[in-house]
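Visitor: I am new to this structure and would like to learn how to read it. Please take me through it one feature at a time.

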Amino acid sequence: MAIATIAAVATKPSSIPLLTRKRPKWIFTPLAFCSSSSSSASRRKLILYSKPGCCLCDGLKEKLQAAFLLSGPNSLHDVDLQVRDITSNPEWERAYQYEIPILAKVLSDGTEETLPRISPRLGVELVHKKIAAALIQ
């Protein structure tokens, strides 16, 4: 009798949604659980103007990636870095061909402000410190 009852319950349509209910998918971003809002609107943005084959650009990219991983009071975990190839846009190429790598921060109104030059020869901690200071201003 108990086996028949279990078989009858297992075949009821009302029990199927319980068995096939989907669980929510969790997506974690660095320190998203610590911030009150993890929306892209609240993220700080940097742009790196560079070009392929530029050893200074590649060196700065590596330092920036390492600096973004450092934690501390002035963490850069909420910074989005966009790398722009100046050879893909004639205007960028004219403006930056002799100056790359150029690092710029995106202001709240969408305009860009060029940051003071950061040497790829600097240590990761100093790169972190300089970028954090520039983003606070």
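Visitor: Is Cys 54 buried or exposed?

Guide: Buried means under 20% relative accessible area, exposed over 50%, and partly exposed in between, using a 1.4 Å probe and protein chains only. Cys 54 has a relative accessible area of 11%, so Cys 54 is buried. Cys 57 is buried as well, at 0%. This is a predicted model, in which local features need pLDDT of at least 70 and side-chain atom pairs count only at pLDDT 80 or more, while totals for chains, interfaces and linings use all residues. Residues are numbered from 1 along each chain as its sequence is written, and side-chain values use heavy atoms, with hydrogens and water left out.

Visitor: How many disulfides are there?

Guide: A disulfide is a pair of cysteine sulfur atoms within 2.5 Å. A search of the whole structure finds 0.

Visitor: Which residues touch the most other members of the largest nonpolar core?

Guide: In soluble globular proteins, nonpolar side chains tend to be buried together. A nonpolar core is a set of buried Ala, Val, Leu, Ile, Met, Phe, Trp, Tyr and Cys residues joined through side-chain atoms within 4.5 Å. The largest core here has 16 residues, and Leu 46, Leu 64, Leu 76, Leu 103 and Ile 131 touch the most other members. Strand E1 (44–50), helix H3 (55–69) and helix H5 (124–136) are the elements that give two or more residues to this core. Helices (H or I, at least four residues) and strands (E, at least two) are DSSP runs, numbered from the N terminus. H5 gives the largest share of the core, 5 residues. A second, separate core has 9 residues, including Tyr 49 and Cys 54.

Visitor: What is His 128 in contact with, leaving aside its neighbours within four places in sequence?

Guide: Contact means heavy atoms within 4.5 Å. With those neighbours left aside, His 128 touches Ala 67, Leu 70, Asn 74, Ser 75 and Leu 76. His 128 lies in helix H5 and is buried, at 10% relative accessible area.

Visitor: How many aromatic pairs are there?

Guide: Rings of Phe, Tyr and Trp (its six-membered ring) pair if their centres lie within 6.5 Å; planes under 30 degrees apart count as stacked, over 60 as edge-to-face and the rest as tilted. The whole structure has 2 such pairs. The rings of Tyr 49 and Trp 92 have centres 5.5 Å apart and planes at 70°, so this pair is edge-to-face. Tyr 49 is in strand E1 and Trp 92 in helix H4 (residues 90–96), so the pair ties together parts 43 residues apart in sequence. For Tyr 49 and Tyr 96, the centres are 4.5 Å apart and the planes at 35°, so that pair is tilted. Tyr 49, Trp 92 and Tyr 96 form one aromatic cluster.
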